[in-house]
Amino acid sequence: MKRVGVFVCHCGTNIAGVVDVARVAEESRDFPGVEYAADYKYMCSEPGQDLIIKAIKEHKLDRIVVAACSPRMHENTFRKCIEKAGINGYFVEIANIREHCSWVHTTEKEKATEKAIDLVRMAVAKAIKDAPLQKATIPVTDRALIIGGGIAGIQAAIDLANAGHVVDIVEKGPSIGGKMAQIDKTFPTLDCSACILTPKMVEASGHPNINLLTYSEIEKVEGYVGNFNVTIKKKARSVRMDVCTGCGICTEKCPIKTESEFELGMSQRRVIYTPFPQAIPNKPVIDRTKCTFFKNGKCGICSRVCAANAIDFEQQDEFLVEKYGAIIVATGFELFDYSVYGEYGYGKYPDVITGLQFERLVNASGPTAGKIKRPSDHQEPKNVVFIKCVGSRDIAKGKSYCSKTCCMYTAKHATLVSEKIKDAKVYIFYMDVRTAGKGYDEFYNRTRENYNANYIRGRVSKIYQSGDKLIVRGEDTLISQPVEIEADLVVLATAMVPQLDAAALAQRIGIGYDKDLWYTEAHPKLAPVETHSQGIYLAGTCQGPKDIPETVAQASAAAAKACGLLSKTEMLTEPIVSAVDEKTCAGCGLCVPICPYKAIDMKAIQERVQGITIERKVADVNSSLCQGCGACTVACRSASIGLKHFTDEQILAEVNALCL
Amino acid sequence: MRYAYYPGCSLSSTGQEYDMSTKEIAEILDIELWEIPGWNCCGASSAHLTDHLLSLALPARNMAIAEKEGLDVLIPCAACYARSKAAELAVKESKEMRTAIEETIERPYEGRAKAKSILDVLANDIDIEKIKENIDTPLKGIKAACYYGCLLVRPKAVRFDDPEDPQSMDKVIQTLGGESVDWAFKTECCGASHATTKGIVGLPMIERILIAAKEAGANCVVTACPMCMNNLDMRQEQIEKEKNYLLDLPVFYITELMGLAFGVEPKELGIDRHFKDALTLVNDILEEGGRTL
Ligand SMILES: Cc1cc2nc3c(=O)[nH]c(=O)nc-3n(C[C@H](O)[C@H](O)[C@H](O)COP(=O)(O)OP(=O)(O)OC[C@H]3O[C@@H](n4cnc5c(N)ncnc54)[C@H](O)[C@@H]3O)c2cc1C
Ligand code: SF4
Ligand code: SF4
């Protein structure tokens, strides 16, 4: 016979202010199996825990029920507590009489007390059925993978590498750097983006613990925390990295030009190219889709001029399989395609550009060498209109969320226009100005006061071309008047959106994403860099819009989490996982696609039936991958797959305690 | 093809040319128009400013009569189209609303009879070959600013074309051998009745549209709405006088230009009734095609 102890917590007045805790303890003494019951002000406090330990010893208790707050808060506390008293940590049950009772029934004290008694009754019934569970250990590979080489990926890599861990950065583009490499100056201090980014890029590339795998993509992720097996595709660069000296003669001589992605279509690049002058690695790639040699075997000039003989037209994609203990996802963001806005011309007016294009237009190494010239006729604009929230906060045509960075970068752009074009007039259409952040509101105020930026609260209803001007029509909602501005250049603060392939990548690596395809953290407040898949962390804008300071902070946080994991040679695994009853499993495989963590495979087992050995298939749970969600248990028609600690027997015991 | 025909009040008053030209081209295109017997006013803007149910019940009554006949409803006027479409969608969307409407009009209406703008029919329902084979005088020399107005392709629920940059009228003009210009005022509001009630607001709205058409290189404006026609055609001279310059932009209904291309006499289409002289341009087109006025 099991000997159950019940401990009812007051949680100060949180519980005791509504629930009659003494009566709960009193009545629970009569429940079958209960040997001891007590109430106390704060069970989670040290004296509270001592009370439990003492009672276990004195009354020879072997099952414990704590009636207190949510198990999310203190289940672990009490598991550790009873382990100290020498009994299995999984012999504790929590009856949540705070969140599930006192907090929601503040005005019905009598009924709340009765409900608390019922919750304890159920917990006691389950506790009696609890089986001992043991944590297992698994080895941890001391190597981290970072997907995405923007500032988030770079920062996380440097932190991990400095802590002594080996890191591979997989970047899909030919260079690391991400969007920050395209930005001119950075708010709120207006220091040059390249000047603060390039040293980090150099540090990452020179670090003995960091390997850069640029022009590479993730093909497949298998395994589990501490032991991921990742297949990486190194796309054929057509240039041998080991012999290329980065002299650049091939790029210079290449006769074919195409639109530069880095310059956002505002200038041209060669077909053999490095995306920007400070690219790392500073070795070119051939864009095979545009190269005439790959199209029809003609040209090959680059190969003839390369003194190092580095051009290799025959190069194939390479596939590497590497083992990692932890993964940090840092794939960043893209910009909303504003061509859905017919009122802004569906993207057909050349002098309506995005904020990122503007960054290139003011950048000294950009297509106009830092002189602001509008795309259509390369004239210096005098009247510049900025429109914020394009695609952000617009449920009709765009996204519901705020992109967070545009209020600040638009203020930055306004100051840059005023600094570079003395007689320029700047107008900014806005819905709200959101500049929370250290030094941010001061920056915004300076933009208005010292740089004469004209902030107009209202939306733009139409932009149209009239001669060489763009007529911008909107409303000034503060004075309820229509406004019309003759602009030379219009800059749209387009929303931040996830990478186009964000969902596909998430499915490949097994992490979640929200309705907008931003990757979801394990807990919005208390686990902001973890994902629901153990050992996989998030850094930067792949999780949601962020500026650089926030991105860097999150990257360092993700690195710290990964460090915590990689610094151990082995780790404990949670024993609340599914288990298959092979005797009754029919091998139908229904559970396999249900599992969100890809933890179930089918395996063959051999069996002797009436003297003959037969082979049949059954489900097999990888306990390191299983996160204990229980989805599979519902799918199985023969109840052959069950979740430990939440078995049918245990759940039914609770139901019976309540209903019978 | 057979449609119930809802001319609406304006086509029997200020927009008679629209009615005449619609009937002319319908005959040529073998479209049988069954004029809804005893049709009532759709309520247009006055009803939906007065009472929501009334604004739906008025057009629903016409639609219900057509539904009984098993026909979709062809509607030239943009405002009538918008209101009738709103009624059609309202009964489809809500059971309660349908019951309320049916009780008010004392007959069933399930939304099976669909409201169709004549522009939608000409651009999308009629086989383009059918139009081509009827062309007698291609609209060579026409540079049309196709003007859809604010109502025809909006809101999203009633639209049959892109609400910011619609193309269906342009397509029809091009099929008829004319050119259409690319301009930014296709769906601009003409001010509706403001020109009458508050000229200071309404007239500049009209002026802006006409100037934009002119700047885009058009030699005429084409519309599918009697209200727009009124404003752009009738008010043009007033604006010219006030501002002391000539706009000289004839305004046509799309059906008139189609009739013209099909060889119908301008008089039978009502083109001689316009305020702004349209016959000079028409004459040029006819001469080009070997006809005269
Ligand atoms: C116009 C504009 C101006 C801005 N100005 C400022 C400013 O002044 N100050 C400021 O603090 N912030 C500014 N920001 C915000 C800043 O750009 C971001 O905070 C920052 O770039 C986020 O870095 P990241 O590493 O998360 O993402 P990114 O910079 O987008 O980097 C992501 C990287 O991951 C790579 N990648 C993506 N998918 C994959 C994949 N599947 N496999 C491998 N690699 C992949 C990408 O190629 C890229 O290199 C601005 C943003 C914009 C749009
Ligand atoms: S940051 Fe400012 S401009 Fe950007 S979406 Fe949010 S409110 Fe709009
Ligand atoms: S419990 Fe959840 S995670 Fe574990 S095997 Fe079943 S479905 Fe997968």
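Author: Here's a starting point: Ala, Val, Leu, Ile, Met, Phe, Trp, Tyr, Cys and Pro count as nonpolar, Asp, Glu, Lys and Arg as charged, and the others, Gly among them, as polar. This is a predicted model.

Reader: Using those classes, what makes up the shell around ligand 3?

Author: Nine nonpolar and four polar residues, with no charged ones. The shell has 13 residues, and A:Cys595, A:Cys626, A:Cys629, A:Gly630 and A:Cys632 come nearest.

Reader: Why is A:Lys60 called exposed?

Author: Exposed means over 50% relative accessible area. A:Lys60 has 62%, so it qualifies. You'll find it in the loop between α3 (46-59) and β3 (63-68) of chain A.

Reader: Is A:Ala639 buried or exposed, or something in between?

Author: Buried needs under 20% and exposed needs over 50%. At 47%, A:Ala639 lands between those limits, so it is partly exposed. Its place is the loop between α18 (631-635) and β34 (641-643) of chain A.

Reader: What makes the phi angles of A:Lys60 and A:Ala639 stand out?

Author: Most residues other than glycine have a negative phi. A:Lys60 isn't a glycine, yet its phi is near 50°. A:Ala639 isn't one either, and its phi is about 50°.

Reader: How do you know that the bond between A:Phe187 and A:Pro188 is cis?

Author: Look at omega, which is about -5° there. A:Pro188 lies in the loop between β8 (185-186) and β9 (191-192) of chain A. Chain B has a cis bond too, from B:Arg154 to B:Pro155, with omega near -10°. Most peptide bonds are trans.

Reader: What share of chain A is called buried?

Author: It's 51% of the 660 residues; each of those stays under 20% relative accessible area, because that is the cut-off for buried.

Key. Residues numbered from 1 in each chain as written. Chains lettered and ligands numbered in written order. Predicted model: local features only at pLDDT ≥ 70, side-chain atom pairs only at ≥ 80, totals over all residues. Heavy atoms only, no water. Buried < 20%, exposed > 50% of the residue type's maximum accessible area, 1.4 Å probe, protein only. Near = heavy atom within 4 Å. Helix = DSSP H or I, 4+ residues; strand = E, 2+ residues; numbered from the N terminus.
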